[in-house]
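Open the model in your viewer and keep the selection tool at hand. This tour tells you what to pick next and what is there.

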Amino acid sequence: MLTVNNVSMQFSTRKLYEDVNLKFTPGNCYGVIGANGAGKSTFLKILEGKLQPTTGTVSMGPNERMSSLNQNHFAFEDEEVLATVIRGHEKLYEIMIEKDALYAKPDFSDEDGIRAAELEGEFAEMDGWNAESEADQLLQNLGIDESMQHMKMSELTEPQKVKVLLGQALFGSPDVYYWMNRRTGWTSNQLAGWKTFWLVTKRLSSSFLMTGIF
């Protein structure tokens with residue numbers, strides 16, 4: 001559950017909102033809509049922890065996390081498809097990268113061994129050993145078969161990239177999802193992505209937030 005307590009946001013003399021109190025509960029979908037410049041993106045950045053409010057707090061339950069649908073289809077052009085999906089769980093992905101870097105060191109030290117053991121413990125707690133199989137299943141459910149999973153993102157078509165980014169947002173079963181649409185209209189790829197995202201998330205027990213200009 002995501003809880004907003006007495007959140008206010010002000011830029012210089014401009015006050016976007018004041019004393020906002022909300023609870024986003026599991027299994028529900030929420031929409032944040034408004035005119036351009038109304039503060040929708042700012043509000044979601046506050047919810048995600050990327051921006052500190054002027055006053056108030058945003059909190060989630062222990063070990064809960066938020067995931068967003070990346071709308072930059074070219075953000076991971078040099079990454080493999082499978083790795084792009086696993087990036088959806090940022091902490092797990094960082095642990096995987098650090099582990100691999102440690103084990104690749106030619107002068108692996110005792111200190112490196114201690115750090116590696118710590119990382120292995122965290123990795124196991126996050127069910128990291130099943131990360132690739134989970135990502136594989138997500139991709140196959142979204143129509144990206146196994147033969148494509150080690151291709152570079154740059155090799156995919158636009159609709160395929162959308163599906164991979166959907167997989168990234170869903171990977172690891174985050175507790176809160178959000179979709180941010182900054183455009184005044186939908187492209188066919190966005191609409192297809194939205195339909196897929198809705199069909200998948202409505203089966204889960206997570207909270208789902210959407211914002212856009214309508």
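A salt bridge here is a side-chain nitrogen of Lys or Arg within 4 Å of a carboxyl oxygen of Asp or Glu. A search of the whole structure finds nine of these salt bridges. Keep in mind that this is a predicted model.

**Stop 1: the sheet**

Select β1, β2 and β4. These three strands form an open sheet, in the order β2-β1-β4. The pairing is antiparallel. Strands of a sheet pair through backbone hydrogen bonds. Now colour the edges. They are β2 (14–24) and β4 (55–60), and each pairs on one side only. On average, neighbouring strands of this sheet are turned by 20° against each other, direction ignored.

Zoom in on β1, residues 2–11. How many bridges join β1 to β2? There are seven.

Next, show helix α1, residues 40–48. The helix lies across β1, β2 and β4. Its direction makes an angle of about 50° with β2.

**Stop 2**

Select Lys15 and Glu18. They form a salt bridge, with the closest N and O atoms 3.5 Å apart. Are these two buried or exposed, or in between? Lys15 has 46% relative accessibility, so Lys15 counts as partly exposed. Glu18 has 48%, so Glu18 is partly exposed too. The range for that label runs between 20% and 50%.

Move to Lys161 and Glu77. Their side chains meet in a salt bridge of 3.0 Å, N to O. Lys161 lies in helix α6 (residues 158–170), and Glu77 lies in the loop between β5 (66–68) and α2 (81–86), so this pair ties together parts that are 84 residues apart in sequence. Both Lys161 and Glu77 are buried.

Now pick Glu98 and Arg115. Here the salt bridge is 2.8 Å, N to O. Glu98 sits in helix α3 (residues 90–103) and Arg115 in helix α4 (residues 110–125). The two are 17 residues apart, and the pair links distant parts of the chain. Salt bridges that share partners join Glu98, Arg115 and Glu118 into one network. Glu98 is partly exposed, at 31% relative accessible area. Arg115 is partly exposed as well, at 29%.

**Stop 3: helix α6**

Select α6 by itself. At 1.5 Å a residue, its 13 residues should span 18 Å. The end C-alpha atoms are 19 Å apart, which agrees. Colour the buried residues of α6: among them are Lys161, Val164, Leu165, Gly167 and Leu170. Just after α6, find Gly172, which takes a positive phi of about 80°.

**Stop 4: the cores**

Show the largest nonpolar core, which has 30 residues. Those with the most contacts inside this core are Val81, Val85, Ile86, Leu139, Val164 and Phe171. Which helices supply at least two residues each? They are α2, α3, α4, α5 (131–141) and α6. Helix α6 gives the most, with six residues.

Centre the view on Val85. Not counting residues up to four places away in sequence, Val85 touches Ala135, Leu138, Leu139, Val164, Gly167, Gln168 and Phe171.

Methods:
Residues are numbered from 1 along each chain as its sequence is written. This is a predicted model: local features need pLDDT of at least 70, side-chain atom pairs count only at pLDDT 80 or more; totals for chains, interfaces and linings use all residues. Side-chain values use heavy atoms; hydrogens and water are left out. Two strands pair if DSSP finds at least two bridges between them. Helices (H or I, at least four residues) and strands (E, at least two) are DSSP runs, numbered from the N terminus. Axes are lines fitted to C-alpha atoms, for helices over the stretch in contact, and angles run from 0 to 180 degrees between N-to-C directions. Contact means heavy atoms within 4.5 Å. Buried means under 20% relative accessible area, exposed over 50%, partly exposed in between (1.4 Å probe, protein chains only). The expected span of a helix is 1.5 Å times one less than its number of residues. A nonpolar core is a set of buried Ala, Val, Leu, Ile, Met, Phe, Trp, Tyr and Cys residues joined through side-chain atoms within 4.5 Å.
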